[in-house]
Amino acid sequence: MLRRAVLIVALLNLGYGIFEFAVALRIGSVSLFADSVDFFEDTSVNLLILLGLAWSAKRRARLGMALAGILLVPAIAALWTGVEKFLHPTPPDAFSLTLTGLGALAVNLTCALILARFRSHGGSLTRAAFLSARNDAYANLAIIAAGLVTATLWPSIWPDLIVGIGVACLNADAAREVWEAAREEHKSAAA
C-alpha cells in the first residue's frame, strides 16, 4: 500500500513539475522556478523511498541522510534564480503565476493526503515525503498570494522574489528535520 502511494506521488510530482517549469520559464518567475525544481526533487525523493523501503533500517537511515541533502537542491535553485531575477527585474505575469500556483496547490494537497496516513511508518523516508508535500502546499499558498499582490497592489519582482526565498527556507528546514530523524535512526540501527 505504501509503495503504491509513493509511486503515485512521484508521478504526480513529475507531471506537474514539467508543466510548472515551462510556465516559470515563460513568465520569468523565481517562485515557480523554485517550486518546479522542488517538484522534481519530490519525484526523486519518492522514487528513492520506493527503492529504500525494502532495505535494512541502517541502509534506510543512510538514505534518509542523503535525502536531506537532496531537499536542499530547491533552496539553492531558488537563490540562483533570485539573483538572476534581481539582475533582470521584470515582474512575472500575475495571472499565470496565481493560476499555476493554484494547480500546484491542488497537486501538493493531493500528495500530502495520500502520504498523511504513512508519515509515521518507514521512519525518515516517509517523513521526508510527507514534509515535502506539506511544505510545498504552504509554498503554493504563498505563490498564489504573490500573484495576487503583483496583480493588485505591487506590480514588481519583489512578491515573487520574496516567496522564492521563502520556498528555499522551507526546504532547508525540512532538510534539517529529515537529517535529524535519519541520524537518530542510524544511531538506533547501529546499537
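In the predicted model, the axes of helix H2 (residues 30-52) and helix H5 (residues 94-116) cross at roughly 25 degrees and come within 11 Å. The two helices, H2 and H5, are therefore roughly parallel to each other. Their crossing is left-handed. On the H2 side, the contact is made by Ser-31, Leu-32, Asp-35, Phe-39, Asp-42 and Asn-46; H5 contributes Leu-97, Thr-100, Gly-101, Ala-104, Val-107, Asn-108 and Leu-115. Classified by residue type, the contact of H2 with H5 comprises six nonpolar, five polar and two charged residues.

Helix H2 also packs against helix H4 (residues 73-87), at an angle of about 160 degrees and with the axes 9 Å apart. Because angles over 145 degrees count as roughly antiparallel, H2 is assigned as roughly antiparallel to H4. The crossing of H2 and H4 is right-handed. Val-30, Phe-33, Ala-34, Val-37, Asp-38 and Glu-41 of H2 form one side of this contact, and the H4 side consists of Val-73, Pro-74, Ala-77, Ala-78, Trp-80, Thr-81, Gly-82 and Lys-85. Nine nonpolar, two polar and three charged residues make up the contact of H2 with H4.

Among the residues through which H2 meets H5 is Asn-46, which is located in helix H2. With a relative accessibility of 2%, Asn-46 counts as buried, since the cut-off for that class is under 20%. Beyond its neighbours within four places in sequence, Asn-46 is in contact with Val-6, Val-9, Ala-10, Asn-13, Leu-115 and Ala-129. Of these partners, Leu-115 also belongs to the H5 side of the contact between H2 and H5.

The largest nonpolar core contains 28 residues. Within this core, the residues with the most contacts are Val-6, Val-45, Ile-49, Leu-67, Leu-71, Leu-115 and Val-178. Two or more residues are given to the core by each of helix H1 (2-27), H2, helix H3 (57-70), H5, helix H6 (124-152) and helix H7 (158-190). For Val-6, the contacts beyond four places in sequence are with Asn-46, Ile-49, Leu-50 and Leu-115.

Definitions and conventions
Residues numbered from 1 in each chain as written. Predicted model: local features only at pLDDT ≥ 70, side-chain atom pairs only at ≥ 80, totals over all residues. Heavy atoms only, no water. Axes fitted to C-alpha atoms, helices over the stretch in contact; angles between N-to-C directions. Helix = DSSP H or I, 4+ residues; strand = E, 2+ residues; numbered from the N terminus. Parallel < 35°, antiparallel > 145°, perpendicular 65-115°, else oblique. Left-handed = near helix turned anticlockwise from the far one by under 90°. Contact = heavy atoms within 4.5 Å. Nonpolar A, V, L, I, M, F, W, Y, C, P; charged D, E, K, R; others polar. Core = buried A, V, L, I, M, F, W, Y, C linked by side-chain atoms within 4.5 Å. Buried < 20%, exposed > 50% of the residue type's maximum accessible area, 1.4 Å probe, protein only.
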